[in-house]
Amino acid sequence: MKTGTDKNEIIVAPSILSADFTRLKEALDTIKDAGGDWVHTDVMDGHFVPNLTIGPPVIKSMRKQTDMFIDVHLMIEKPELLLNDFIEAGADMITVHAEACTHLNRTLQVIREAGIKAGVALNPATPLNVLDYVLELVDMVLIMTVNPGFGGQKYIPQMTEKIKALRERLNRSCPNVLLQIDGGISTNNITEVTAAGANVIVAGSAFFNAPDKSRFVSELREKSAFIGKI
Ligand code: DX5
Ligand code: ZN
């Protein structure tokens, strides 16, 4: 299982948000067979974002059906109230939004203490300085490249500068922290975002709409400019 310890490889994380939710097992197998590395799992509460998806029971069922790395992206208010449920359900990584946490430091500590990986996500308009005092507590920073809530939106071009700025900062202070991007990623912009420094790539609609999903994943890797960069 790839967890990002090899700095020269990108991690491809197809998002099940664009899957048919009545056929999740098939979607998990499709991601594995296509050569995806992680299963990106979008949890939405209808408050933090204007959409509702799944919760811990579904993740628990997914855990029984796959040995893939389950990357849980929590787009929910007060994530601290449900952390233990997501941990017990079998998440391998939990990413919380900085905007949704009153006590971000404590929340990240709880995730880490459970022995799983911790991530912090930033909405497009949130500046990087919210990371100032928490970078040591995270395994990954997620830069949202669309406003969260829905699949199939367009990449926000201003995010390329944000990815670059974060990559420079991570290279200086904590090069092992992964830089994930999420929203509007396809084979058309993979070179741009990886050249800027992203190394964990979420793709929802582009993956599930691809007629040949293995080909899609290979193309993401081939067009990636991150390889050999650091
Ligand atoms: C959006 C979600 C994404 C979504 C991305 O709020 O966080 O993970 O699945 O979908 P695409 O790749 O279609 O933009
Ligand atoms: Zn997501």
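**Group meeting: the sheet and the zinc site**

Helix α5 (residues 159-173) lies across β5, β6 (140-144) and β7 (178-182), and runs at about 165° to β6. Contact here means heavy atoms within 4.5 Å; axes are lines fitted to C-alpha atoms, for helices over the stretch in contact, with angles from 0 to 180 degrees between N-to-C directions. Helices (H or I, at least four residues) and strands (E, at least two) are DSSP runs numbered from the N terminus.

A word on the source, friends: this is a predicted model, where local features need pLDDT of at least 70 and side-chain atom pairs count only at pLDDT 80 or more. Residues are numbered from 1 along each chain as its sequence is written, and ligands from 1 in the order in which they are written.

Now the sheet. It is open, with 8 strands in the order β1-β8-β7-β6-β5-β4-β3-β2, paired in parallel; pairing takes at least two DSSP bridges. At the edges sit β1 (11-14) and β2 (38-44), each pairing on one side only.

On to the metal. Which residues hold the zinc ion (ligand 2)? His40 (NE2), Asp42 (OD), His73 (ND1) and Asp182 (OD) are its protein donors, 2.0 to 2.3 Å away; donors are N, O and S atoms within 2.8 Å of the metal (3.2 Å for Na, K and Ca). Asp42 lies in strand β2 and His73 in strand β3 (residues 69-75), so this pair ties together parts 31 residues apart in sequence. Both Asp42 and His73 are buried, meaning under 20% relative accessible area with a 1.4 Å probe, protein chains only.

Terms used:
Heavy atoms only, no water. Buried < 20%, exposed > 50% of the residue type's maximum accessible area, 1.4 Å probe, protein only.
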